[in-house]
Amino acid sequence: MANSDNEILAVLRDGYRRVFVEEWSVTTGGILIGIMSVVSFAWARPWGVVGGLRVWGDWLFYAVGLYAERPPSAWLDTNSVITLGLLWGSFAASLLARQFAIRVPPRLELVKGLVGGTLLGIGSALAGGCNVGGFYSAISALSLSGFAMMAGLLAGAWVGLKYLYWEMEHFPSAQAETPAAGKGGLDWNPAKPWLGWALLLAGLAVNELYKARGYVVEGGVLLCGIAFGIILVRSRFCFARSFREPFMTGEAKVTQTVVLSLMISVLGFAVLKWGGLRSELSYVAPNFGLGGLVGGFIFGFGMLMTGGCGSGTAWRAAEGQVKLMVALVMFTLVNSLTKAVLGAFPAVQALVGTRVFLPDYLGYRGAVLLIFLVLVLWYLAADWNERTDRLVVEM
Amino acid sequence: MEAITPDQVLDCRGLSCPMPMLKLKKALSGLQSGQVLQMMGTDPGTRNDIEKGVKKIGSELVGSKDEEGFTSYYVRKM
């Protein structure tokens, strides 16, 4: 009997470790993101990141008197709530795995965080969203602007990688000038998982608070955001890798996982829109054109400087990476300012692009088939490149 | 882990993805076959990146050690 109890305990311990401590496979992460993307849209709205950051940026500039118009409530606007949830879930997940630690990089990396975050802000404003809203959710929403941004991201990532190689040749010895994380002081490692659990329980409590105040939808959006945060940290899922790795190492895995994830999300969105359950124009941004392409390029370059895409920057900041915290702040402020500038100059806004909802031209079935065709081609191209290294940029 | 004496030490503490792998690749290119590089890192993703990516750059991970505030990875050039 004692042996049987020990075995049950061992199974529970192993299970806990596999779910909350060990890294999940990137495929698991991609599949879960695809599913959550559909769940989030079915519940209330597609997944996005920079929309929430912009609400916070708008509030800061409104508070200092730069903006005249009062922004929407940060507690009720679903853009803000889903991004808050992402940071919340990421922080909790990194605590559970004892991975949270304040990591201070060398000065050059901090400068790259500042510049990279600025580029993320500008790029996402032009493209109608970051890698999530402007690429992933846009394609899921059957919007052609998602592919315009995708083309820009590929080009920007390629140039960004060339820049990193140039930087390593000319600034080779950038070492940390401040003590690395964890040296000296109180060891709070044992407390981290307890704090992580407390955060998750607090998330449930806040969800209950939303419900009690009559904001059931917003409360659910918070839980969706928390789920995204947990999945991203546990699988260390980063869209930047899907664009970077084929050029850097030839590895196809992350790219192919994004394809798989997108296929799940596209199917789900198509069903929800075609079935009349969700608005057809949801996340179909007027950015098919220069906005998507140029914005994607700037964002792609920024991703390589920062070391994270929009969602990647957020979850790595929540993990304690100071460079990414700096990038996240710049991303927030600059996106808000860039959107304000675009809004103030309609002639410039008009250059950004047009709204192209693929089913308007191809029907739903044709739109889904075309998107799948493009995704399969991307999958195969990544496979070919992994075998041949033809697109790998030599150091 | 048995004590390994590295031929070169690479300090990537404080650096986040993709810099540790890029610097590792560059440092390994300067080593001779059979030599061992010790890379110190703080990014939690580095372990997985090295385990999965090191073969592609003609090397093998021969050990790792958790130190105070960072992890040392020992990579041998093939």
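Which residues in H13(A) meet which residues in H14(A)? A:Thr313, A:Ala314, A:Arg316 and A:Ala317 in H13(A) meet A:Leu324, A:Met325, A:Ala327, A:Leu328 and A:Phe331 in H14(A). Two residues count as in contact if their C-beta atoms, placed from the backbone, lie within 7 Å.

Before we go on, some housekeeping. This is a predicted model, where local features need pLDDT of at least 70, side-chain atom pairs count only at pLDDT 80 or more, and totals for chains, interfaces and linings use all residues. Residues are numbered from 1 along each chain as its sequence is written, while chains are lettered from A and ligands numbered from 1 in the order in which they are written.

**The helix pair in chain A**

H13(A) covers residues 310-318 and H14(A) covers residues 322-344. Helices (H or I, at least four residues) and strands (E, at least two) are DSSP runs, numbered from the N terminus. The two helices pack at an angle of about 130°, with their axes 8 Å apart. Axes here are lines fitted to C-alpha atoms, for helices over the stretch in contact, and angles run from 0 to 180 degrees between N-to-C directions. H13(A) and H14(A) are therefore oblique to each other (under 35 degrees is roughly parallel, over 145 roughly antiparallel, 65 to 115 roughly perpendicular, and the rest oblique).

**Chain B**

Chain B has two helices and four strands, and along the sequence they follow the pattern β-α-β-α-β-β. Its C-alpha atoms fill a box of roughly 30 × 25 × 20 Å along the principal axes.

**Where the chains touch**

Now for the meeting of the two chains: 21 residues of chain B are in contact with 27 residues of chain A. On the chain B side, H1 (19-29) and H2 (46-53) each supply at least two residues. H1(B) gives the most, with five residues.
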